Amino acid sequence: MFEHFLGKQVKCPYIDGKQYRIARGKLSEINKEFVKIEGKIGVIIINKSSIQRMSLLK
């Protein structure tokens, strides 16, 4: 589903509990349930089911 964003800078809104958060960085890895985004301050692994949408970061 997100394979065409692999290796590109993305913006990814997701739900963390009851809060909405936004991850920004390079989409570095995708597997069956999770995506891995490498940002300026670290790496975040997000469950695909909590992702609202994904877009390229300009």
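This is a predicted model: local features need pLDDT of at least 70, side-chain atom pairs count only at pLDDT 80 or more; totals for chains, interfaces and linings use all residues.
Biologist: How many bridges pair S1 with S2?
Modeller: Residues are numbered from 1 along each chain as its sequence is written, and side-chain values use heavy atoms, with hydrogens and water left out. S1 covers residues 9-16 and S2 covers residues 19-30. Two strands pair if DSSP finds at least two bridges between them. S1 and S2 run antiparallel, and their bridges number eight.

Biologist: What is the bridge partner of Leu27 in S3?
Modeller: S2 and S3 form another hairpin, with three residues between them. Four bridges join S2 to S3 (residues 34-38), again in the antiparallel sense. Within this pair, the partner of Leu27 is Ile37.

Biologist: Which residue of S4 stands opposite Val35?
Modeller: S3 and S4 are antiparallel and share five bridges. Their hairpin has four residues between the strands, and Gly42 in the turn has a positive phi of about 160°. Ile37 stands opposite Ile44. Val35 stands opposite Ile46.

Biologist: In what order do the five strands form the open sheet?
Modeller: Along the sequence the pattern is β-β-β-β-β, with zero helices in the chain. In the sheet, pairing is antiparallel and the order is S4-S3-S2-S1-S5.

Biologist: Why is one side of S4 and of S5 left without a neighbour in the sheet?
Modeller: S4 covers 43-47 and S5 covers 55-56. Both stand at the edges of the sheet, so one side of each is left without a neighbour, because each has a single partner strand.

Biologist: Which side chain meets Asp16 in a salt bridge?
Modeller: A salt bridge needs a side-chain nitrogen of Lys or Arg within 4 Å of a carboxyl oxygen of Asp or Glu. By this rule the count is one. Asp16 is partly exposed, at 39% relative accessible area (buried is under 20%, exposed over 50%, partly exposed in between; 1.4 Å probe, protein chains only). Its partner at 2.9 Å, N to O, is partly exposed too, at 36%: Arg21.

Biologist: What is the area of the nonpolar surface patch?
Modeller: Phe34, Val43 and Ile45 make the patch. Phe34 lies in S3 and is partly exposed, with a relative accessible area of 33%. Patch residues have over 30% relative accessible area and no salt bridge; nonpolar side chains (Val, Leu, Ile, Met, Phe, Trp, Tyr) are joined within 5 Å, like charges within 9 Å. By the Shrake-Rupley method with a 1.4 Å probe, where for residues only the protein chains shown count as cover, the patch comes to about 280 Å².

Biologist: What share of the 58 residues counts as buried?
Modeller: The C-alpha trace spans about 30 × 25 × 20 Å along its principal axes. Of the 58 residues, the buried share is 26%.

Biologist: What is the mean pLDDT of the chain?
Modeller: pLDDT is the predictor's confidence in each residue, from 0 to 100. Here 100% of residues reach 70 or more. The mean for the chain is 93.

Terms used:
Helices (H or I, at least four residues) and strands (E, at least two) are DSSP runs, numbered from the N terminus.
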